[in-house]
Amino acid sequence: MSPVRGVRFEMSKQRTPRGVNASLSRRTFLVRSVGIGIAGTSMASILSACQDSSGGPAGDSLRAKTVMFDITTGRVDSPELFNPLVPGVNIQQGLHQAVLEPLFILNHETEEVEPWLGESFEPNDTLDVWTLTLREGALWSDGEAFDADDVVFTIDLLRNGPAELLHSAPMKQWVQSVTAVDPRTVEFQLVGPNPRFQLDYFSVKITNSVPILPAHIWQGQDPLTFTNFDKERSWPVFTGPYRLTKASPTEFIYERRSDWWAAETGVMKLPEPERLVWVANETEEVRVARIADHQLDSVADITAGAFISLQTRNEYAAAWVDEEPYSWVDPCVRLLSFNHTVQPWNDRELRWAVNHAIDRDEIVAIAYEGATTPARFFFPSYPQLDKYVDLLESEGLFEEYPLLEHNPDRAIEILERKGYTKNGEFYEKDGQPLQLRIDTPSEITEIKRIAQVIVEQLRRVGINATSNGLAYATWSDNVANGQYEAVTDWGACGSVSEPWSSMQLYHPRWVVAPGQRANGNVVRWTNQQYGENVDRFAELPLDDPQIETHVVAAARAWLDDLPFIPIAQAKKLVPFDSYYWEGWPSQSNNYVQPPTWWQSTHKILQNLTPANR
Amino acid sequence: MADVLLEVEDATKTYHSRGETTAALKGVSLVVDESPATIACIAGESGSGKTTLANSILGFTQLTSGTISYRGTNIATLTRSQQLEYRRDVQAVFQDPFGVYNPFYRIRRLFDVLIKRFRLAQSKAEARELIEEALNVVGIRGEEVLDKNPHQLSGGQRQRIMMARAYLLKPRLIVADEPVSMVDASLRAMILDVMLRLRDERGISFLYITHDLSTAYQIGDDIYILYGGELIEQGRAQEVIENPQHEYAKLLIGSIPVPDPSIRWNREPHSQAG
Amino acid sequence: MFAFTVWLSATIMFAIPQLAPGDPVSAMVTRLTQQAGFVEGSAGMIEAWRERFGLDDPLLIQYAQYLKNMLTFDYGYSLSQFPVEVETMIADAIPWTIGLLTIATIISFIAGTVVGALMAWRRSPALLRLLLPLTLTFTAIPFFILGMLLIYLFVFGLEIFPVAGGYDSTAMPGFNVDFIASVIEHGTLPALSIVIGSMGFWALGMRGMMITIEGEDYLTLAQAKGLNPLRILFRYQIRNAILPQFTALMLSFGHIVGGTVLVEYIFGYPGTGSLLFRALSNSDFTVTQGIVFILILTTAAAVLVVDLIYPLLDPRITYERSST
Amino acid sequence: MTLTVQQTVAPAETTPRRPRSPWRNTKLMVGTLMVLVIVLIGVLGPLFWDTRLSAAASSPLNLPPFWEAGGSSDHPLGTENSGRDMLALVISGAPATLRIGLIVGVISIVIGIVLGFSAGYLGGRIDSVIRTLADTALTIPALAILIVISSYVREIGIATMAFIVALFAWAGPTRLIRAQVLSMRELGYVRMARLSGASTVDIMFKEMMPNLLPYLAAAFVGATSGGILAAVGLESLGLGPQRIPTLGMTIYNALQSSAILRGMWWWWGLPTVILVVIFVGLFLISTGLDEVANPRLRGRR
Amino acid sequence: MTRDMTRSGEPLLRIDDVHVHYGRVIAVNGVDLTVSRGETLGLVGESGSGKSTLAMAILRLITPPGRIVSGRIHLNGVDILSTGGRQLRQLRWTDVSLIPQGSMNSLNPVMRIGDQIQDAIEAHDRRQTKDSLRQRVLSLLDMVRLPARVYGMYPHELSGGMKQRVCIAMAIALGPSLIIADEPTSALDVVVQKTVAETLLKVKEELNSSMILVGHDMALQAQLVDRIAVMYAGNIVEVAPVAELFSNPVHAYTRHLIASVPSITERKPLVVKEFQRPDLTTARPKPELREVSPGHLVALDDEHSDRRTSGEASEREEVIPRG
């Protein structure tokens, strides 16, 4: 109770950012409405007294010590839930950016796995025993030592606990046993070789990683209903450099702990921001308006149009890249996927016809207003993966299979060769019109807009394409159960620094009959040659040079069939305001990837310095 | 002995609403003769049950108990075709001369519908004749009214056209439910006169339902006085008015103002001096 | 009537997710795991969740359980926000909606009724009567379109109001000046859009009733009595004309609750409308059912209240007769 | 003795209370005109403008209307951020929106007539059942349930949309017609018709229906307007038809893309203006019809 | 010109050449009339004759589209038509009160009886305690023979006769010099009508007020009034003391009215006759009244003298404007 009350007191004294702007007229209005609404001049005078003090330098100096972030998911329905294992938790309100530290952080820029709470995580030669070494001197925020027992406790909880728990599925799948060798060493015995065990689960590959929980607090709790929150006891207890001091549906405040273990041990310096605030913003308008007024330092992914209008309002606002596409590439490439159990789209030639009908540049220009780049392959455009794509290019695969070639004439030629004739606007065969219905999840505007442009492009060559918005639940169910003709999706999402994760998703072993829920390969593409080649490097160490050969062979099989069509890189346009804080990541200062809703934000906090404006 | 046209026997009607039972008619019996044609008057104040009785006879409401027989047949047991027959034989004229006209249609339709439904005429010319005749009876010329809309007619005209309409079917009985109470006094005689003439010249009997005993006295053959759903006085008109037996009937007759300033009501004793 | 309404709508709410394609649980799991890409064990996870939410039980048992839960106000856990309880979420959201609604509706009711009365009053200045077309025009426009216009005008044009939310995200919910001030500030535009949009409705209804009773003899008599015109207006005209307005008022609560879904959406207002919309996007059927059930219950209760208090307002109507 | 009664010819047509045809009502006419304009935009628009420009990627992005700096006469009302031409969007969106309303209107009025007459005229148990159903449908917060339904049933075209909306829209007309029929049932001319041996069907359709016309028309317009309101509401939440560029969808897209923030007023403003015209037009028609049906409301400012 | 024929000099009410139009309808076409103190005047006519309009004109209760076009109405020497606002309000009820036509709807359905009577009293004499006010109302109720419990009742709880008594009680609350009773008993059953009419006369005489009794029922008028004015098509066609009028009706219309009253005392043949009603929307001259015997004035118009003698029903159309 007490810390919150303290905050409340402070909040009322500072010049808090409220609404879109804090102009005088609005304040006058506020006073008036309070005066009228609540009645009584006394109330109004109290309020104006508050305002007088809020204009002072004290308020500004507090702001200068604070970094304001955007809760990208909006309002938090469960502000007092800090259990990272249940679906109701919102870890992106600062919990895993400032409090819950990962063992390792995969730096998407360097593609190095950087140590954080963990020092190293090494496999044996057969890749089925992994040994984790923790940092020396790591402490929980309540002073208890962070040690191997905590790791063992957490992994065992996930292995043996309820199946509903987040992260439990992979631990149940992979970990045969986990043992504490000594307080800093944990040994994982896996059920089989897995070269990506550390990368996939413990290194913030995408968004977050398996959280390590303080055993002394979690012991005996029901992991499904434990909230892990107690104001009196300064819970949640994790290892990060900040402590939660306020939690409301719209705002979370964290204060810096001077006793952070990494600063104590000298591994890292104490982050400069004394205070971190995460604020829920209802709409893109609000986000942009607030960052334009320096009321936020970083906001979530916004549209290109909104960013352009932001730049005209705030000269300190910048994104990852200074010019188009402005955005940083997210790991999930946007695809056009066909259902291979549906005629006639199980015909590779028709899919190639579609590919030639598609103009990726136009999609980028229209659906993204220029904020992304076309996809050359179904890998995100990251250095390690680009190397493989470059390899495909040098092997001449793209000459053989001109994936990026926008050539409507060729598309038409294929269609006519296949016996399709034009009847009016569209092609048909045996009286059957050539139709393609592309289902999209209507809540996800970006995916929907891609489909809309594709539809227009296909219609231009004479394919009667339509796009059809579905509720996300329906859509994802349809996709998993193979009940669709085509979808725009991001189903190849997985690889970041190595190719297998994404490639294995389309392994024939995952193919199930339509109507059954597919756990991968939702397009139901069966290509044994592809499968064999993917299998060949499944268990190779990540740096094994043989991987290249197998990737090329698998990619050839893939390109030949073209089971789905990569369209565009996923963009994340993440603006930063350097009015109060400098040192934000950018392409020119690319020390880490920029999304501030990822657990890798810990690294950004290390790099922020006050602008002292 | 005269032929019985309509006989009401022990008619009782009760309404139930939310646990409360109200009796609108309590064992009312009466007879309307067919020949000679009779004007039987049902008189009573509001709430006496006279309208319920009329509605029951016209088949708009069902009796709780008791029977209404038309020429010896209980009207509740009429077959479909008998019902149509009954409709043809027993017609009605209502109090409100305005509401009975569907404002959407011209007057002509009132007659056309009947002619069509009851197949009264074989040809257009015959139909025209029938209508003219009916209107003649009530003293109206067809061309003056047939192509008009109801609101273009006066109250007296409307009520007479209704009479003509009823007459068109050559009914044996016309239930006239307060036919003059919404008509100006100076026009009242005209309608009552039509009734008399229909009785005398066409042999049509009437059930004249009214709150106004004086008009009943003027044209009625028999008078039945209802009070609270009960029949309290009945007999030949002259007899009932001049020599009432029931206390209430006496009170009722005594309360009717006499159009003669020389026979004034008694004022309150202390105000008589004025 | 009350029970029937509640039962029927509750059943509809139960049936919709049953009839609809898509499995909310697998959708939720897909959502949870999509960012991490492929999760091999997701089938087991789905199974576990289905069991937790009793989705594998026979339909009739689910239905019975559902009805029981609804009636005992036990809505269980949110599917997408597990282990948050649906009740908690609704309890957080409902004061906002009720607050916004009550205040906006009452303001609009009073203002509309007065305007309507004055429009029908013979003594009102002609200028006031010119208000009619204006008010009516606004009535025809949906709340949320008015909301957009207001945002454009006041937020981006004049920059007087904050664009969205129920309060400053930095204010601490509770009884403090900052919070209350910010609630008022944030509520003004949404409330205004409801007030502007519905005032004409009340005005029109009131005007109609005033005109309907205009020829009544008791008004002539009141005038003949030489009463003050204002007294006639309030105690005779308004007092009689306003009665049907109360029925409409209670009924309108239900409709406005529906209408405010959009207003809340436009203004990012943290009420039941936004919650409902979020729950739907998350296929969170427990929350959806809970909210809609509460909405139905409130509306049906409002109607019931009307039935109960109407006899108090209109001495002519005793309770027994009020059911027509 | 002389008679002082003035004798003059009194042609019935000059009866003082005889009103001018009530259908010549200003509100009715202005409202009809407004709706007609929208209909004309939809009917004639395609003759003058290429509605294929309402498809994504058909035009340059984010152009303002021609009179603003940067505007182009090729796209007189500007374009939005997917390269759709606003003029084409309006031309194809306005009739689509109206169509939804009309389907809803027709469905509701047909249901309303059938149920309303059955309930009002036949009475008894049928009446209780229908009345309860209608009252229930009126009580239920329809839009909330519609949102739920349409978020589940997403295979939405204009007809589906209209059917979903009509699920609740029939109750209003039903209740209104029932009330009218109920009060009419005891009217003199209905009794007269029964006395003339008219069948129930005849009484309903030949005697009552003609006099109900203004009410039916008002109920129809009301249901249409309510249908459009609900449909536009759902569309603006992104729950509408996806392929057809209805006005609500355009507003949804504009909201999704921060059109207000970006100052692209034409993007959300134009569909809004069209909707306002439709709503106000329908509203005027329905109040006009009210006045036709209810003469007491007539002749007041 | 009408001459005052009462003994007390200046009459209480004097109406001079009043014209009232309802839209295009000339409802009252130049009426001259006087009412003396203590007198009960019957104003008789059929629908559309303008009798109620004239009564309302005296109260200045003509509402649009009706308007008083010209004329003067002096009550107690005050020209009512030239007053307005407060003065008019003050004049109403203290000088002239109304017993309205439709007793069923004349009381505010949502106010208690006591409050409605108090309303009238309070509007005119303010300073009094709640208790004395209540006492006044109770004694008024007693005067019209209503039980005290009526004080706290709502109109719908009363029968028609009781409601009409309430209206009478209200009308006499301030002891007005003139009571206008507009068909006060037409909605009542005859038995009740008689007692209410008796009550009305009683209280009127107790207060020594004058009264205008508007009505269409000649028989009832014969019972209640001192003098009768017959209105036809917006004009007064005959005025005479009641006995004189009944024994010696001069005007054809008056005669017809008297003849059409069905008697309860003797059966006689119906007199069927139809009068041609003038078109009320066209301007027509105001008939001149001539005195045929003391206090008996008749509109004489030689031009149409032959029209009235016919005893047969004329088949001519007539138009009766309703309302």
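Contact here means heavy atoms within 4.5 Å. On that basis, among contacts in chain D between residues at least 6 apart in sequence, 72% join residues at least 24 apart. The model is predicted, with an ipTM of 0.77 and a pTM of 0.79. Chains A and C share the most contacts of the eight pairs of chains in contact.

**Chain D**

- Chain D holds ten helices and zero strands. Its pattern along the sequence reads α-α-α-α-α-α-α-α-α-α.
- Chain D has 301 residues, and 63% of them count as buried.
- The accessible surface of chain D is about 10,800 Å². Carbon and sulfur atoms account for 66% of that surface.
- The average pLDDT of chain D is 81, and 88% of the residues score at least 70. Residues 1-19 of chain D fall below 50. Beyond near neighbours in sequence, this stretch still has 65 contacts in the model.

- Chain A makes no contact with chain B; their nearest C-alpha atoms are 48 Å apart.
- Chain A and chain E are not joined by any contact either, and their closest C-alpha atoms lie 33 Å apart.

**Strand S17 of chain A**

- S17(A) covers residues 464-470. Seven of its seven residues are buried, so the strand is largely enclosed by the rest of the structure.
- In a regular strand, side chains alternate between the two faces of the sheet.
- Both faces of S17(A) are covered. Asn464(A), Thr466(A), Asn468(A) and Leu470(A) are buried on one side. Ala465(A), Ser467(A) and Gly469(A) are buried on the other.
- Strand S16 of chain A (residues 435-441) runs parallel to S17(A), joined to it by seven bridges. Ile438(A) stands opposite Ser467(A) of S17(A).
- Between S16(A) and S17(A) the chain passes through helix H18 of chain A (residues 445-461). This β-α-β crossover is right-handed.

**Helix H13 of chain C**

- H13(C) spans residues 272-281. Nine of its ten residues are buried, so the helix is largely enclosed by the rest of the structure.
- Among the buried residues of H13(C) are Leu275(C), Leu276(C), Phe277(C) and Leu280(C). Thr272(C), Gly273(C), Ser274(C), Ala279(C) and Ser281(C) are buried too.

**Salt bridges**

- Over all chains, the structure holds 60 salt bridges.
- Glu251(A) and Lys246(A) form one of these, with the closest N and O atoms 2.4 Å apart. Glu251(A) has a relative accessible area of 1%, so it counts as buried. Lys246(A) is buried as well, at 2%.
- The side chains of Asp230(A) and Arg233(A) meet in a salt bridge at 3.5 Å, N to O. Asp230(A) is buried, with a relative accessible area of 19%. Arg233(A) is exposed, at 52%.
- In chain B, the side chains of Arg172(B) and Asp89(B) meet in a salt bridge at 3.3 Å, N to O. This pair links distant parts of the chain, 83 residues apart. Arg172(B) sits in the loop between helix H6 (155-168) and strand S7 (173-177) of chain B. Asp89(B) belongs to helix H2 of chain B (residues 80-89).
- Arg172(B) counts as partly exposed at 30% relative accessibility, whereas Asp89(B) is buried at 12%.
- A network of salt bridges links Asp347(A), Glu349(A), Arg417(A) and Lys418(A).

Technical notes
Residues are numbered from 1 along each chain as its sequence is written. Chains are lettered from A and ligands numbered from 1 in the order in which they are written. This is a predicted model: local features need pLDDT of at least 70, side-chain atom pairs count only at pLDDT 80 or more; totals for chains, interfaces and linings use all residues. Side-chain values use heavy atoms; hydrogens and water are left out. Helices (H or I, at least four residues) and strands (E, at least two) are DSSP runs, numbered from the N terminus. Buried means under 20% relative accessible area, exposed over 50%, partly exposed in between (1.4 Å probe, protein chains only). Accessible areas come from the Shrake-Rupley method with a 1.4 Å probe; for residues, only the protein chains shown count as cover. Two strands pair if DSSP finds at least two bridges between them. A crossover is right-handed if, with the strands pointing away from the viewer, the path from the first strand over the helix to the second runs clockwise. pLDDT is the predictor's confidence in each residue, from 0 to 100. A salt bridge is a side-chain nitrogen of Lys or Arg within 4 Å of a carboxyl oxygen of Asp or Glu.
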